[in-house]
Amino acid sequence: MTTRRRAIVARTAGFVVAVAALVMAPLAAGAASATAGSVPLVVSNYASDGLLARLNDLFGVGANGKGLNFSTDAKVGELDRVFAWRADFLSGSTGDSAVHLTNQWTATITIADKPVGVATIWINPQGDVPDLADFTRGASLGASFAGLPADATLVHDTAKSAWFTVTGDALDPLVAGDSGVTSATTVSAYRQALVSAAAHPPVAPAENTQGTTNSVIVVVLAVLVVIAVLVLTGRRTRTREDLAEDAPAEAAEAAEAAEAAVPADAADAAEEAVPALPPVKPAPAAKAPPAVKGAPAAKPAVNVAPAAKPAVKPAVKGAPAAKTAAASRAARPASKAAGGASAKKPAAPKPPVAD
């Protein structure tokens, strides 16, 4: 190869390297990770173009005026690979590694250079494409995830809702959650705490069921009272309805009994109230005084009174058998008067005086 050809090849190679460097520079910047772990190219591309639009759709300013404006001065911070505790570590094993990789990456979101929260990206297995997995809003949280050490490992303890950074055996809490770790400690100490907590789980306080029992008793009594009231009300209503239904029949029966009983009773009362009148005997004839010569015979001065008729009229055919008790009582005086008049004897005639 001549010197001229060698120079042409060298220039061409240099041009290709320069172009490749210009093309790969943005991708390399997007794929930069602040902590340990790799960042796939698709994830870095989504963080650079797509994440802010997704955040604006889900958490942007809505019709009510609430939300964050991710369309102006919003930026995505460096991506951090998320790790999780291994199962054998949680059980107390002291293996070579305490963590394993997950399908998640976090990035601090800032608006006007101020942190507003932390976004979590994942690769959706259904389409094998990156998407927004979660967004936790909070200025202090965003500040905690910004600027993590490059040699640190970001660990998410989902069971405790805690976030840590692990550097060697050192463990620093970012979000304490329910872990109980509020200051820097070691991975070994945290493992011992997890094992001890698993061996001696906290005893739940005895549930006080007295209030529930009392409530049940009150409810049962209330139901019984309501049932008793309904039963009594139903019985009273039924009794009133029965009385109302039976009243006309009882009144009719009483009327029929009265109509059947009154004539016989009145007849018996009339028969008992009006006694039979004794026969009136004629007065004995007065003896005439001895006749005086020359004088005419004297006639009796008093005529015999005829027998009085009874006060009670005989029953008319087709009429009621007897009158009422009042009529019987009215007949008594009349019969007595008639009896008295017939029983009175006539006065005896006086003998004539001789001339």
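These are my notebook entries on a predicted model of one protein chain, from the overall fold down to single residues.

**Ground rules**

I number residues from 1 along each chain as its sequence is written. Since this is a predicted model, I take local features only at pLDDT of at least 70 and side-chain atom pairs only at pLDDT 80 or more, while totals for chains, interfaces and linings use all residues, and side-chain values rest on heavy atoms, with hydrogens and water left out.

**Overall**

I looked up the secondary structure and found eight helices and eight strands in the protein chain; helices (H or I, at least four residues) and strands (E, at least two) are DSSP runs, numbered from the N terminus. Of the 355 residues, 21% count as buried, where buried means under 20% relative accessible area, exposed means over 50% and partly exposed lies in between, with a 1.4 Å probe and protein chains only. For contacts (heavy atoms within 4.5 Å) between residues at least 6 apart in sequence, I noted that 50% join residues at least 24 apart.

I then traced the strand order, and the eight strands form an open sheet, 4-3-2-1-5-6-7-8, with mixed pairing; two strands pair if DSSP finds at least two bridges between them. The edges are strand 4 (129-137) and strand 8 (185-186), each of which pairs on one side only. Helix 3 (residues 51-59) packs on this sheet, where it touches strand 1, strand 2, strand 3 (114-124) and strand 4, and its direction makes about 50° with that of strand 4; axes are lines fitted to C-alpha atoms, for helices over the stretch in contact, and angles run from 0 to 180 degrees between N-to-C directions.

Strand 1 and strand 2 run antiparallel and are joined by nine bridges, and I picked out V76, whose bridge partner in strand 2 is I109. Strand 1 (residues 74-85) also pairs with strand 5, here in the parallel sense and over two bridges, with F83 having V155 of strand 5 as its bridge partner.

**Strand 5**

Is strand 5 (residues 153-157) enclosed or open? I found that five of its five residues are buried, so the strand is largely enclosed by the rest of the structure. With strand 6 (residues 162-167), strand 5 pairs in the antiparallel sense over five bridges, and D157 has A162 as its partner in strand 6. The two strands form a hairpin with four residues between them, and S161 in the turn has a positive phi of about 55°.

**Strands 3 and 4**

I looked next at the hairpin of strand 3 and strand 4, which also has four residues between its strands, with D128 in the turn at a positive phi of about 55°. The pairing is antiparallel over eight bridges, and I121 stands opposite L132 in strand 4. P125 is found in the loop between these strands and counts as exposed at 63% relative accessibility. From P125 to N103 I noted 22 residues in sequence and 9.7 Å in space, C-alpha to C-alpha.

**T108**

T108 lies in strand 2 (residues 99-111) and is buried, with a relative accessible area of 4%. A polar atom of the T108 side chain lies 3.3 Å from the backbone oxygen of G142. Beyond its neighbours within four places in sequence, T108 is in contact with K75, V76, G77, E78, P115, G117, G142, F145 and A146.

In helix 2 (residues 41-48), I found V43, S44, Y46 and A47 buried. They cover an arc of only 160° around the axis, which puts them on the same side of helix 2; the arc is that of the directions from the helix axis to the C-beta atoms. Just after helix 2, G50 takes a positive phi of about 140°.

In helix 6 (residues 187-199), the buried residues include V187, Y190, R191 and L194. Seen down the axis, the buried residues of helix 6 fall within an arc of 100°, so they line one face of the helix. These buried residues pack against strand 1, helix 4 (87-90), strand 5, strand 6, strand 7 (170-175) and strand 8, whereas Q192 and A199 on the other side of helix 6 are exposed.

Technical notes:
A polar contact is a pair of N or O atoms within 3.5 Å; within protein, one must be able to donate a hydrogen and the other to accept it, and residues adjacent in sequence count only if both atoms are side-chain atoms.
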